[in-house]
Amino acid sequence: MAGLQEALAGRRMLLVRGLRLEEGPVFEGLLEDVLRHRGLVSLTVQGSDLLSVEPGLLEGLVRGLEELRLEGRQLTDGQQKTIFESVVLGTKLKKLRVTSSNLSSVEPSLLAMAACRLEEVGLASARLTGQQIEAILGALNSEAKLARLDLSGNLYLATVSPSL
């Protein structure tokens, strides 16, 4: 991991716009380097353990990147809340995917407000409740920035009223 951290700090990496981290531990030092990288706009973390990452560091990623994909890993309740609150409070983030995770403890209104502030949201297989799905769909209006929404793989999607 030290090699990747050194590479991120190098001048050649300034042109890199996106980074994908797969399978294995993600250390806070690496994420801090991602935050310091001036050219990086997109980060995908797939199948890597994030449970020990401080919520404040995730807040920095949400505020500093244009696209964040957290795929296939559980997040703590505090991390989840921080991610969506950061979107609501203001960020450069345009695209957020949090998939194959359990987001059922996130307040429905918080999910809805965050979704309306983004251009793309992916919450596939995120174990969303019926209330959360209804809140997201009910909040969509002409002022919402949302152009693409993926709620596939959520069991309660079928229970949502068709009138939404």
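## Contacts around Gln-79

Two residues are counted as being in contact when they have heavy atoms within 4.5 Å of each other. In this predicted model, and leaving aside residues up to four places away in sequence, Gln-79 touches Leu-50, Leu-51, Val-53, Pro-55 and Leu-58. Gln-79 itself lies in helix H4, and Gln-79 is buried because its relative accessible area is 0%, where the cut-off for burial is under 20%.

## Overall architecture

The secondary structure of the chain comes to 6 helices and 6 strands, and read along the sequence these elements follow the pattern α-β-α-β-α-β-α-β-α-β-α-β. The chain has 164 residues, of which 42% count as buried, and its accessible surface comes to about 8600 Å², with 49% of that area belonging to carbon and sulfur atoms.

Among the contacts in the chain with a separation of 6 or more, 72% are accounted for by residues 24 or more positions apart.

## Helices H3 and H4

Helix H3 spans residues 55–64 and helix H4 spans residues 77–89; their axes come within 9 Å and cross at roughly 30°, and the crossing of H3 and H4 is right-handed. On the H3 side the contact is made by Pro-55, Leu-58, Glu-59, Val-62 and Arg-63, while H4 contributes Gly-78, Gln-79, Thr-82, Ile-83, Ser-86, Val-87 and Leu-89. Sorted by class, the contact of H3 with H4 has 6 nonpolar, 4 polar and 2 charged residues.

Gln-79 is one of the H4 residues in this contact, and the residues that Gln-79 touches include Pro-55 and Leu-58, both of which belong to the H3 side of the pair.

## Helices H5 and H6

From H5, the residues Pro-108, Ser-109, Leu-111, Ala-112, Ala-115 and Cys-116 meet Gln-131, Gln-132, Ala-135, Ile-136 and Ala-139 of H6. By class, the contact of H5 with H6 has 8 nonpolar and 3 polar residues, with no charged residues taking part.

Methods. Residues numbered from 1 in each chain as written. Predicted model: local features only at pLDDT ≥ 70, side-chain atom pairs only at ≥ 80, totals over all residues. Heavy atoms only, no water. Helix = DSSP H or I, 4+ residues; strand = E, 2+ residues; numbered from the N terminus. Buried < 20%, exposed > 50% of the residue type's maximum accessible area, 1.4 Å probe, protein only. Areas by Shrake-Rupley, 256 points an atom, 1.4 Å probe, with all protein chains shown as cover. Nonpolar A, V, L, I, M, F, W, Y, C, P; charged D, E, K, R; others polar. Axes fitted to C-alpha atoms, helices over the stretch in contact; angles between N-to-C directions. Left-handed = near helix turned anticlockwise from the far one by under 90°.
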